[in-house]
Amino acid sequence: MSEALVAQTRPERTRPDRAGAAPATRRRREVPFFNYPALFAEHREEYLATIADVLARGAYIMQRDLADFETELAAWLGVRHAIGLADGTVALKIALRLAGVGPGYEVILPSHTFIATAAAVHDVGAEPVLCDCGPDSMMDVESARALVTANTAAIMPVQLNGRTCDMDAVQALARDHGLKIVEDSCQALGARYRGRHAGTFGVAGSFSFYPAKTLGCFGDGGALIVDDDDLAVMARELRDHGRGADGLVHRFGVNGRLDNVQAAVLRLKLARYDESLARRRAIAAIYDARLSGLDGLLLPPGPDADPDRFDVFQNYEVQSDRRDALRAFLADKGVGTIVQWGGCMIHQFKDLGLRARAPYAEAMSARYMMLPLHPMLSDDDVHYVCDQVEAFHRG
Ligand SMILES: *Cc1c(COP(=O)(O)O)cnc(C)c1O
């Protein structure tokens, strides 16, 4: 198509395209919320060669690929120990055990989180108590303060969507009441608060390598990070049936090991992880530039909005006055969106009968949704999504 033809068919824009570069007319396309096949296709040959090498060596469980991945992850985060685990939920359970949380205790966590956060607390025999969140989706620390009792053992800040909570406020609350901090940093590998990595604020940090996570493997995977040498020994025992380096059982543990094939894949992904985070932040910057100021649409803080935070945009969660209509409009245009947790904050799962103080989260449950954000999206994909969101708000 000639330049002139493009110019003639270009529709009037009601708002300037502040992100520049992109053409104003984009053909209809499919932008799925997440592209699982692309995860493999991106570096197919390299993955196949690595997996074949592990299989040929017969190195399935607790082999050198796992040890190497643990060393590299610890170095990347600047911590003493990283311990590969079967999934992020096991990491949370082990972290709670390292913190001494058990029966008779309460643990405060936000209601706006994946059920795994609360389930880990329940699984170690303690009671999850649910607090509120604020407009940036993060835990509202003052609402947590109001829930502290004599039985509260720990607070679990959830570093949701690749952003950190107000960790100064979390630490102040923990100090005031002698609480342990157990971070659910499963969505935030690489996020920082005042230069400090998510996962390094409490007793131990947790990560998930579920395929759609920022560092995703080809199945389930997770890790725990910890600085204390004795706690690291305990965590290694807990993940392997309580067995120590001497082969003897020192405590009751679980089978929570990260398998060696996934560890080998994760080593390749970790080597490119900085690049992948930069791409996520660049996409968030496009959304921020093009969609801020639309009526009835609340965006998360942009990548450069807060000098105290480095957000990694695991998700791009927005709030809309007309959420369901916006989702239907986008679906019709080929754009996939998702509402986290099936639209329910944890306290809204009535069958669980949990204690909660979460009015903001409750109202937000009718408003929140996520736009596609992952490194496999092209700039044109992202601008196409923006075109459609703008069209909805114009219409
Ligand atoms: C992904 C995730 C987890 C852990 O999930 P797994 O599937 O067990 O790896 C925990 N908490 C949050 C907030 C998560 O998003």
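In this predicted model, the second largest cavity lies between domain 1 (3-40 + 273-394) and domain 2 (43-271), because both domains give residues to its lining. Its volume is about 60 Å³. The residues that line this cavity are Pro135, Asp136, Ser137, Leu298, Leu299, Pro300, Pro301, Glu317, Val318, Gln319 and Met364. Strand β12 (residues 316-320) provides the largest share of this lining, with 3 residues. By class, the lining of the second largest cavity comprises 7 nonpolar, 2 polar and 2 charged residues.

The count of cavities of 30 Å³ or more comes to 2. The largest cavity holds about 90 Å³ of space. Its lining consists of Asp136, Ser137, Asn161, Arg163, Pro300, Pro301, Asp311, Phe313, Asn315 and Glu317. The class composition of the largest cavity is 3 nonpolar, 3 polar and 4 charged residues. The largest cavity, too, receives lining residues from domain 1 and domain 2, and therefore lies between them.

The protein is divided into domain 1, which covers 3-40 + 273-394, and domain 2, which covers 43-271. To their contact, domain 1 contributes 39 residues and domain 2 contributes 53 residues. The C-alpha centres of the two domains lie 27 Å apart. An area of about 3900 Å² is buried between domain 1 and domain 2, and carbon and sulfur atoms give 55% of it. On the side of domain 1, Phe40, Tyr273 and Arg355 lose the most area to domain 2, and together they account for 23% of what that side buries.

The pockets may be considered next. The largest pocket has a volume of about 670 Å³. Of the 38 residues that line this pocket, Gln187, Tyr210, Lys213, Gln340 and Trp341 lie nearest its centre. Helices α5 (88-98) and α6 (115-123) and strand β14 (368-371) each supply at least two residues of the lining. The lining of the largest pocket divides into 22 nonpolar, 11 polar and 5 charged residues. Since domain 1 and domain 2 both give residues to this lining, the largest pocket lies between them.

The second largest pocket has a volume of about 320 Å³. It is lined by 20 residues, and those closest to its centre are Glu42, His43, Arg272, Ser276 and Pro375. At least two residues of this lining come from each of α10 (260-271) and α11 (273-291), and α11 gives the most, with 5 residues. The lining of the second largest pocket has 9 nonpolar, 4 polar and 7 charged residues. Domain 1 and domain 2 both contribute to it, so the second largest pocket also lies between them.

Among the strands, an open sheet of 5 has the order β5-β4-β2-β3-β13, with parallel pairing. Its edge strands are β5 (180-181) and β13 (355-356), each of which pairs on one side only. Strands β2 (residues 106-110) and β3 (residues 127-131) are paired in the parallel sense over 5 bridges, and Glu106 stands opposite Glu127 in β3. Edge strand β13 includes residue 355, and Arg355 is one of the residues of domain 1 that lose the most area to domain 2.

Definitions and conventions. Residues numbered from 1 in each chain as written. Predicted model: local features only at pLDDT ≥ 70, side-chain atom pairs only at ≥ 80, totals over all residues. Heavy atoms only, no water. 1 Å grid on protein atoms, 1.4 Å probe; cavity = no way out; pocket = protein on both sides within 12 Å on 5 of 7 lines; lining within 4 Å. Points joined across faces, edges and corners; volume = space filled by probe spheres on them. Nonpolar A, V, L, I, M, F, W, Y, C, P; charged D, E, K, R; others polar. Domains from an automatic or database assignment. Helix = DSSP H or I, 4+ residues; strand = E, 2+ residues; numbered from the N terminus. Pairing = 2+ DSSP bridges. Contact = heavy atoms within 4.5 Å. Buried area = accessible area lost by both parts, 1.4 Å probe.
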